Amino acid sequence: MSIAGTDIKTEEKYISLFKDNLGHLNVITSEEVANEREAGIRIFEEKGIPNRKVENYKYTNLNPQFERDYACDFEHEVFNQNLSEVFNCNVEDLDAITVYLINGWYYRKNQVSESLPKGVLMGSFAEFSKSHPDIFKAHYNKYAKNEEDSLVALNTAFAQDGFFLYIPKGVVVEKPIQIVNIMKSSEDFMAFPRNLVVLEENAQAKIMVCEHTLSDNKFLVNGVTEAYIDKNAVFDLYSIQNQHNLTTNISSVFIKQKQNSNILTHNLTLHTGVTRNNVYVHMDDEHCESKVYGLFVSDKSQHVDNFSFIDHAKPNCYSEELFKGVLDDTATGAFAGKIMVRPDAQKTNAFQKNDNLLLTDTAKMNTKPMLEIYADDVKCSHGATVGQLDEKSMFYLRSRGIGKDEARILLMYAFAYEVVEKIRVEAVREQIRGLVEQVFRGELNKCNSCALCGQDASGKGYTCM
């Protein structure tokens, strides 16, 4: 199935595609998911694809990406290749539970580890929506901001498959769960993965989502993840984006926290074409703690836009936010982060910072940190910087015999170090250190975790796009 036709309005193509495939979509998932589709497409029809006139998207124009013609698949994905042989995880000493998605579909040959604690449910979003309707009725589409973002509403309309994770009360999953989403197609392709995570009281889990491309076609990925973190639960979510330059990746994460819960999110964009990361955290109870971090490194004409909204709805909560960007060549970037402190949210501690490093005169960064405070007994701060490599530090390193290129790399790495150190999984932290250094040295020009990347049909290799 494909979306095509340049003689009609872009939004109309998606609406027509939705109507033509609604039957297929409703068969894939449960009635609970299907019931939300019509409302989602109505919101999208009303608001359209966001452009620069939409405040939250003023620095990113996604219309050119959505105007392209893409193939899509709203039926059961068939992929016979062994993904564990295609994808080679480069994280040394990472003892993780690894599952795969292919074009957003849960890979049916995944072997879920028997070491998962009793009661933990992990698997296909679509299949679990049918087998566990009570969980989906309680949580599905309860946290996503459809009315505020038409692309989230579009995902709700087209939601196909993805991953589902349920951790029952008091259960701790010690091993990180690695979700590898590989985009592969013989033609330009788009996908709408939907994910749901539920951690009950006192549960703990760490998820690492790795985004990769396995073919050189244009890809459009519009994904949404909802997470419910109950009392005293601890949740880490790491998103590592390492895709080629023809990829447009829109990722929206919505997290709801209850009393004494602790969450950490970390977006690491190492290579991509156009990326938009949305992180929404709703602290809906007292004594919640949230830490929201991000690092992106971009060059050529890549564009990365990070948006966050941290909602302090109740008293005595703590949030810490740090995003950093390194931009080279003609790359562009954007950061817009809002901390909302509601009238009842006394004793709030909230801190936000965005720092950016421009390596050329042609790179460009837009940043807009925001505080909106309606309580008077709070400690809040926000700030942003955009600058270049410090000439005094460069001179200091050069005067001690370090070459110009090596000194430049050392200063860039020192800039990124603060964010990398926020990763709480030691093996992942060590690997990201190495990957970031590779990026700075120009050695990581595209996904290097896929066995087929870097080779053409003859196996002789090709130049990164």
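Reader: In strand 4, which residue is the bridge partner of I102?

Author: This is a predicted model, in which local features need pLDDT of at least 70 and side-chain atom pairs count only at pLDDT 80 or more, while totals for chains, interfaces and linings use all residues. Residues are numbered from 1 along each chain as its sequence is written, and side-chain values use heavy atoms, with hydrogens and water left out. Strands (E, at least two residues) and helices (H or I, at least four) are DSSP runs numbered from the N terminus, and two strands pair if DSSP finds at least two bridges between them. Strand 3 and strand 4 pair in the antiparallel sense over two bridges, and the partner of I102 in strand 4 is W105.

Reader: Which residue in the turn between strand 3 and strand 4 has a positive phi?

Author: Strand 3 and strand 4 form a hairpin, with two residues between them. The positive phi, about 55 degrees, belongs to N103.

Reader: How many residues of strand 3 are buried?

Author: Buried means under 20% relative accessible area, exposed over 50% and partly exposed in between, with a 1.4 Å probe and protein chains only. Strand 3 is largely enclosed by the rest of the structure, because its buried residues number five of six.

Reader: Which strands stand at the edges of the open sheet?

Author: The sheet has ten strands in the order 4-3-7-10-12-14-16-18-20-22, with mixed pairing. Each edge strand has a single partner strand, so one side of each is left without a neighbour in the sheet; the two are strand 4 (105-106) and strand 22 (378-387).

Reader: What angle does the direction of helix 11 make with that of strand 14?

Author: Helix 11 (residues 426-440) packs on the sheet and touches strand 10, strand 12, strand 14, strand 16 and strand 18; contact means heavy atoms within 4.5 Å. Axes are lines fitted to C-alpha atoms, for helices over the stretch in contact, and angles run from 0 to 180 degrees between N-to-C directions. With strand 14, the angle is about 30 degrees.

Reader: Is T265 buried or exposed?

Author: T265 lies in strand 14. Its contacts, not counting residues up to four places away in sequence, are L237, I255, V279, K291, V292 and Y293. Because its relative accessibility is 4%, T265 counts as buried.

Reader: Which residue of strand 18 stands opposite S298?

Author: Strand 16 (residues 289-298) and strand 18 (residues 318-327) run parallel and are joined by ten bridges. Opposite S298 stands L327.

Reader: How far apart in space are A159 and A34, C-alpha to C-alpha?

Author: A159 is found in the loop between helix 8 (150-158) and strand 6 (163-167). It counts as buried because its relative accessibility is 0%. In sequence A159 and A34 are 125 residues apart, and in space the C-alpha to C-alpha distance is 8.8 Å.
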